[in-house]
Amino acid sequence: MSDAASTPDRELVERARAHAGTPAGREAAGELLRRYRRAVYLWCFRYVRDHERALDMAQDVMLSAYQRMGEFEGRAAFSSWLFVIARNRCFNEMRNDARREDVDLESVESDEASIDDRIEKEIQGRRLTEAASRVLDTTEQRAIWLRYSERMPVDEITAILKLDHKSGARAVLQRARRKLKSALEEA
Amino acid sequence: MNECIPVDQLGTMKQLDAEDPRRRHASSCPRCSSLLFAYEEFTRAEAVEGANPVAAEMQLARFIEERVEEKAPVRNSGTPRRGRWFDFSGLRMAAAVAAVLLVAVIFWQPWQSKEIVYRGEASVQFTGLRATAASDGSIDVYWDAVKGADSYRVTLLAQDLAEITRLDAGNTLSAHLDSGTSGGPAPYYWQVTALADGAEILTSDPQRSP
């Protein structure tokens, strides 16, 4: 048994890259991925709420991370690099789901559809960021970003933000949308 | 937004001094504080109702062992694995492969053309992603068609994965990126997004330029 289990991520990354393709490199990569397998699975599960599907997605993430480990230059933490791959995989899954259902239930109400579109388009823009910091409280900001940037299902936002209210994140999102709509129209 | 923290740098935030401008920015910027919150949730890996992390950890450990570490499934060890009804080895393996091939040829009937039936689901991963570099610093990038897509968009990313620019590739399966387009020093990254009626249906992982 090697000392891999007690080795810091950074050293394992170096070992995996320096000995790529050899048993030592594969063992280092395996240990790195083993450390985060629970996190990756649970993150995927939050999006799809299905064990088998989340497991498939987690396997894709693991394999993708392993195949691309040569590109990881070690300037960032391995966990945040893996997080990028996992969230990308989850985004793609959510997009496919949305296409299959052909409708986003959050956008059904027509009076909310236009502000939803604007938030979607402006999620990376300075105006939305400024408006959000000015008019939304911390919970509302997180709910908006989890929904529109992380594309997380509403029920999961309720759980992750530990919202006890009966209508959970749905009510928080509705309130935040109204505030943002007013703020963006005033601007 | 210029000082916003790239997603793959979130893991370094805790190591920064409390007075570091990046950390102060993260606490006041809705985008960065929310992203940081999401990343910390990811690393915390708290139990989620309905999930089965114990079973998942076992299955993923086996997956990593077999696909990454390339270790053969353990046999005759002190703690036996769940039983398999077969045990391929030597001649039995060869006989089994021959039998499978025979059955496949009989039922597949490769000499008859068959209609391909799709399940109607979009691909979940891009395939055929590759890039070739020219001596003038430009690169050509290529990808395979994605079922259901009617156009593609190529996004250039800096070394920290921040977006530099986007190019509409129309319905072609390649794009030419010159050094002026990249806007920054190599290596940079590129990713391609498949679109249908203007809506994004699939985005590749970032690919490093050659």
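This is a predicted model: local features need pLDDT of at least 70, side-chain atom pairs count only at pLDDT 80 or more; totals for chains, interfaces and linings use all residues.
A salt bridge here is a side-chain nitrogen of Lys or Arg within 4 Å of a carboxyl oxygen of Asp or Glu.

**View 1. A salt bridge joins A:Arg26 to B:Glu70 across the two chains.** The closest N and O atoms of this pair are 3.6 Å apart, which places the pair inside the 4 Å limit. Between chain A and chain B, the count comes to 6 salt bridges. Polar contacts between these chains involve 10 residue pairs, both partners having pLDDT 80 or more.

**View 2. Chain A and chain B meet through 65 residues of chain A and 62 residues of chain B.** Putting the two chains together buries about 5700 Å² between them, and carbon and sulfur atoms give 58% of that area. If you are picking out polar pairs in this view, there are 10 of them between the chains at pLDDT 80 or more for both residues. On the side of chain A that touches chain B, at least two residues come from each of α2 (23–48), α3 (51–67), α4 (78–101), α6 (126–135), α7 (138–148) and α8 (154–160). Sorted by class, this side of chain A holds 25 nonpolar, 15 polar and 25 charged residues.

**View 3. Within helix α2 of chain A, A:Arg35 and A:Glu31 form a salt bridge.** Their side chains meet at 3.2 Å, taken from N to O. The two residues sit 4 residues apart in the helix, about one turn. Zooming out to the whole structure, a search over all chains finds 20 salt bridges.

**View 4. Three strands of chain B make an open sheet in the order β1-β2-β5, with antiparallel pairing.** At the edges are β1 (130–133) and β5 (174–177) of chain B, each of which pairs on one side only. On average, neighbouring strands of this sheet are turned by 20 degrees against each other, with direction ignored. Strand β2 of chain B, residues 139–142, pairs with β5(B) in the antiparallel sense over 4 bridges. Which residue of β5(B) is the bridge partner of B:Ile139? Look for B:Leu177. In general, strands of a sheet pair through backbone hydrogen bonds, either parallel or antiparallel.

Technical notes
Residues are numbered from 1 along each chain as its sequence is written. Chains are lettered from A and ligands numbered from 1 in the order in which they are written. Side-chain values use heavy atoms; hydrogens and water are left out. Two strands pair if DSSP finds at least two bridges between them. Axes are lines fitted to C-alpha atoms, for helices over the stretch in contact, and angles run from 0 to 180 degrees between N-to-C directions. Contact means heavy atoms within 4.5 Å. Buried area is the accessible area (1.4 Å probe) that two parts lose on being put together, summed over both. A polar contact is a pair of N or O atoms within 3.5 Å; within protein, one must be able to donate a hydrogen and the other to accept it, and residues adjacent in sequence count only if both atoms are side-chain atoms. Ala, Val, Leu, Ile, Met, Phe, Trp, Tyr, Cys and Pro count as nonpolar, Asp, Glu, Lys and Arg as charged, and the others, Gly among them, as polar.
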